[in-house]
Amino acid sequence: MKLTVIGFWGAYPEKNEATSCYLLQDGGTNVLLDCGSGAVAQLQNYIDLAVIDAVILSHYHHDHVADIGVLTYSRVVDMNLKNTDQPLHIYGHQDDQQGYQQLGKKTFAEAYDYGEKSVLSIGSLSFTFHPTSHPAPCYAIKVKSQSGTSIVYSADTSYDESLVPFIEGADLLITETSFYEGQEAKSYGHMNSKEAATLAVKGNVKELLLAHLPHFGDHQQLVNEAKKYFKGPISLGKRGLTWEE
Ligand SMILES: [Zn+2]
Ligand SMILES: [Zn+2]
């Protein structure tokens, strides 16, 4: 299973960048986790849009779904040009009806729902979900390959120990890290670097990727702070960064 970081910014994309979007590839299976602002332009550096099978959305905040509409339009164009005959599959939860109802487009994109107990199979990958603590209903997403490799994406959340059993033993944890150590994050529904690293420690994960990064400070400081608590490898969200196992 290969992960490529397409966008890692929180809130809005910096120049020539994107907000939350991660490309998962395993054999012939191509799935996106979230589809934030700027994602469609960035994706084309790494994949032909016509071969994306599915998108799974953690929640309906703009920095996670802004490009889902234009990704759907790309499928309209690709199907009309006969580049593919496969509609895009879009998975979202129904805890927010307004967000869910906007997904899908007849013939070209099919919307499906997931919930806390769902186990989705898409190609060779399987996905499970756990609710997070965030102002909008949001789910952390765990993906497993057939060889047993697992990645957990925290999506947006404040520090919440109910996530610990869900992330237990993951090969890679992608955590949101919206603030620096010592900064108040909980009231915004987000985590700081110490909280992100503590979650990784309690969940016994093997590697940590800090993402959903802030628009202030020096991001290397986030790594230095996380290193005080989590002793495994730590990387920082970066466009095009890949992880494979
Ligand atoms: Zn966000
Ligand atoms: Zn959010």
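Q: How much space lies in the largest cavity?
A: A cavity is space where a probe fits but cannot get out. In this predicted model, the largest cavity holds about 40 Å³ of space. The count comes to 1 cavity of 30 Å³ or more.

Q: Which residues line the largest cavity?
A: The lining includes Ser20, Tyr22, His64, Tyr153 and Ser154. Ala155, Asp156, Ile174, Thr175, Glu176, Ala211 and His212 are also among the lining residues. Strand 11 (residues 172-176) gives the most to this lining, with 3 residues. By class, the lining has 5 nonpolar, 5 polar and 2 charged residues.

Q: What are the protein donors of the zinc ion (ligand 1)?
A: To read a metal site, begin with the donor atoms. For the zinc ion (ligand 1) they come from Asp63 (OD), His64 (NE2), Asp156 (OD) and His212 (NE2). They lie 2.1 to 2.2 Å from the ion. Along the chain these donors follow the spacing D-H-x91-D-x55-H. His64, Asp156 and His212 are also among the residues that line the largest cavity.

Q: Which parts of the chain does the pair of His64 and Asp156 link?
A: Take the site of the zinc ion (ligand 1), with angles of 89 to 162° among its 4 donor atoms. The pair links distant parts of the chain, 92 residues apart. His64 is in helix 2 (residues 62-65). Asp156 is in the loop between strand 10 (150-153) and helix 5 (164-167).

Q: Why does His64 count as buried?
A: Buried means under 20% relative accessible area. His64 has a relative accessible area of 0%, so it is buried. Asp156 also counts as buried, because its relative accessibility is 1%.

Q: What are the protein donors of the zinc ion (ligand 2)?
A: They are His59 (NE2), His61 (ND1), His134 (NE2) and Asp156 (OD). These donors lie 2.2 to 2.3 Å from the ion. In sequence the donor residues are spaced H-x1-H-x72-H-x21-D.

Q: Why is the site of the zinc ion (ligand 2) irregular?
A: Ideal angles at a metal are 109.5 degrees for four tetrahedral donors. Four donors count as tetrahedral if all angles lie between 85 and 135 degrees. At the zinc ion (ligand 2), the angles among the 4 donor atoms run from 92 to 166°, so the site is not tetrahedral by that rule. The site is classed as irregular. The site of the zinc ion (ligand 1) is irregular too, with angles of 89 to 162°.

Q: What is the volume of the largest pocket?
A: A pocket is an open set of points. The largest pocket has a volume of about 300 Å³. Of the 15 residues that line it, the closest to its centre are Val65, Ile68, Gly99, Gln102 and Leu103.

Q: Which helix gives the most to the lining of the largest pocket?
A: Helix 3 does, with 3 residues. Helix 2, helix 3 (68-80) and helix 4 (97-101) each supply at least two residues of the lining. By class, the lining divides into 6 nonpolar, 7 polar and 2 charged residues.

Q: Which phi value does Asp34 have?
A: Most residues other than glycine have a negative phi. Asp34 has a positive phi of about 65°. Asp34 is in the loop between strand 3 (29-33) and helix 1 (39-43). At 0% relative accessibility, Asp34 counts as buried.

Q: What is phi of Ala155 near?
A: Phi of Ala155 is near 55°, again a positive value in a residue other than glycine. Ala155 is in the loop between strand 10 and helix 5. Ala155 counts as buried, at 2% relative accessibility.

Q: Where does UniProt place the feature "domain: Metallo-beta-lactamase"?
A: The unreviewed UniProt entry places that feature at residues 18-212. The span is 21% helix and 28% strand, and its end C-alpha atoms lie 10 Å apart.

Key
Residues are numbered from 1 along each chain as its sequence is written. Chains are lettered from A and ligands numbered from 1 in the order in which they are written. This is a predicted model: local features need pLDDT of at least 70, side-chain atom pairs count only at pLDDT 80 or more; totals for chains, interfaces and linings use all residues. Side-chain values use heavy atoms; hydrogens and water are left out. Donors are N, O and S atoms within 2.8 Å of the metal (3.2 Å for Na, K and Ca); water is not among the atoms, so sites may look incomplete. Four donors count as tetrahedral if all angles lie between 85 and 135 degrees; four count as square planar and six as octahedral if opposite donors are over 155 degrees apart and all others between 65 and 115; anything else is irregular. Helices (H or I, at least four residues) and strands (E, at least two) are DSSP runs, numbered from the N terminus. Buried means under 20% relative accessible area, exposed over 50%, partly exposed in between (1.4 Å probe, protein chains only). On a 1 Å grid over the protein atoms alone, a cavity is a set of points where a 1.4 Å probe fits but cannot get out, and a pocket is an open set with protein on both sides within 12 Å along at least five of seven lines; lining residues have an atom within 4 Å of a point. Grid points are joined across faces, edges and corners, and a volume is the space filled by probe spheres set on the points. Ala, Val, Leu, Ile, Met, Phe, Trp, Tyr, Cys and Pro count as nonpolar, Asp, Glu, Lys and Arg as charged, and the others, Gly among them, as polar. UniProt positions are given in the numbering used here, feature names are shortened, and annotations may be inferred rather than shown by experiment.
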